[in-house]
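Please read them beside the model.

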Amino acid sequence: MANPSLLILAGDGIGPEVMAEVKKIIGWFGAKRGVTFDVTEDLVGGCAYDAHGVPLTDATMAKAQEVDAVLLGAVGGPKYDKLDFSVKPERGLLRLRKEMDLFSNLRPAQCFDALADFSSLKKEVVAGLDIVIVRELTSGVYFGEPRGIFVEGNERVGINTQRYTESEIARVARSAFELARKRANKVCSMEKANVMESGILWRDVVQEIHDKEYPDVELSHMYADNGAMQLVRWPKQFDVIVTDNLFGDVLSDCAAMLTGSLGMLPSASLGAPMANGRPKALYEPVHGSAPDIAGQGKANPIACVLSFAMALRYSFNMGDDATRVEKAVEKVLADGLRTADLMGPDGGTPITTTQMGDAILVALDASL
Ligand code: IPM
Ligand code: MG
């Protein structure tokens, strides 16, 4: 059988630094677990713009369509703020999501015991937290037409369109219900059915899919603004949250911070099954390119490492090895190792990105 294939797009800012640690872990799997990944590397975002004048070339796009999974670091940076909208670094990422049709974005927010003190919320509110936001990723206001800045009379008007078809809602709802069945069997769907027709349709379709196909799963509905409030009030009431593209963007940043650091959270963006039965997939940290700390060895590689663990689970059918990586991360945190983003107000001495990666490798060795 062919080796599993991976396209690595490290991107901008801290992307290459955190990805370097993941590459060590990929190497570890070859050396210690006899699983050799065929790895190709390419450019996305600002670095692709610098090299080719576009944030993602057609050739890179074609490669992404062929591999078993794409692993992405981060895109963007102040250097590119003035670029035309059509070639901004983020457009590269959005093109990957759209053309690979990665409609289901899983964003887990899990609070590691060792970091429960670290959240801005009280320890009892976040300790043991384990929720997943399933964000619709290829439609809604991110892609709806018409869009643009137009002139009306003597002023400009900015327009974006929130648009959802039934089938787009149904497929992401199914993905949330399937996931819930493997967890605590609870889904909360969030929209603004009180002010948006697309929200009314969202609520109806999620309920229909539930009643017809997943009556065993506990389903509730919430307005997204209330959902944001409930997430900070008592997040442990949730198991799986399913929501649209824009609400999911906002709510997942909010959920991320419950866990103490954005530097900890991985994500998986999944599409329809490929010929091998596994979904088309892209894995990336929830954090951005953090240009302010790029190149200084301060970045936390854990979100990127855990994104690779998600790839093991969802793309390579290696759930046990995914758990092995997650346990290794838990171990180094329990041992008190901290990158700069995990320094409390009392300070302490942070370790570097590379030291964190090395510590995870040591923990992986110990797991054998
Ligand atoms: C995210 C990011 C992206 C988004 C940006 C970088 C385009 O915020 O993945 O949450 O808005 O989806
Ligand atoms: Mg975001």
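This is a predicted model: local features need pLDDT of at least 70, side-chain atom pairs count only at pLDDT 80 or more; totals for chains, interfaces and linings use all residues.

Is cysteine 47 buried or exposed?

1. Cysteine 47 is buried, because its relative accessibility is 19% and the cut-off for buried is under 20%.

2. The model has zero disulfides. Cysteine 47 is in none: its nearest cysteine sulfur belongs to cysteine 304 and lies 14 Å away. A disulfide here would need two cysteine sulfur atoms within 2.5 Å.

3. Cysteine 188 is also in no disulfide. The nearest cysteine sulfur, from cysteine 254, is 13 Å away. Cysteine 188 counts as buried, with 4% relative accessibility.

4. Now the sheet. Ten strands make up an open sheet with mixed pairing. Their order is S2-S1-S3-S12-S11-S4-S5-S10-S8-S9. Strand S2 (38-42) and strand S9 (218-223) are the edges, each pairing on one side only. On average, neighbouring strands are turned by 20° against each other, direction ignored.

5. Leucine 6 stands opposite valine 39 in S2.

6. Which strands does helix H8 touch? Helix H8 (residues 224-233) packs on the sheet and touches strand S5 (130-136), strand S8 (186-191), S9 and strand S10 (240-243). The direction of H8 makes about 105° with that of S9.

7. Helix H9 (residues 245-258) packs on the sheet as well. Its contacts are strand S4 (104-110), S5, S8 and S10. The direction of H9 makes about 155° with that of S5.

Definitions and conventions:
Residues are numbered from 1 along each chain as its sequence is written. Chains are lettered from A and ligands numbered from 1 in the order in which they are written. Side-chain values use heavy atoms; hydrogens and water are left out. Buried means under 20% relative accessible area, exposed over 50%, partly exposed in between (1.4 Å probe, protein chains only). Two strands pair if DSSP finds at least two bridges between them. Helices (H or I, at least four residues) and strands (E, at least two) are DSSP runs, numbered from the N terminus. Axes are lines fitted to C-alpha atoms, for helices over the stretch in contact, and angles run from 0 to 180 degrees between N-to-C directions. Contact means heavy atoms within 4.5 Å.
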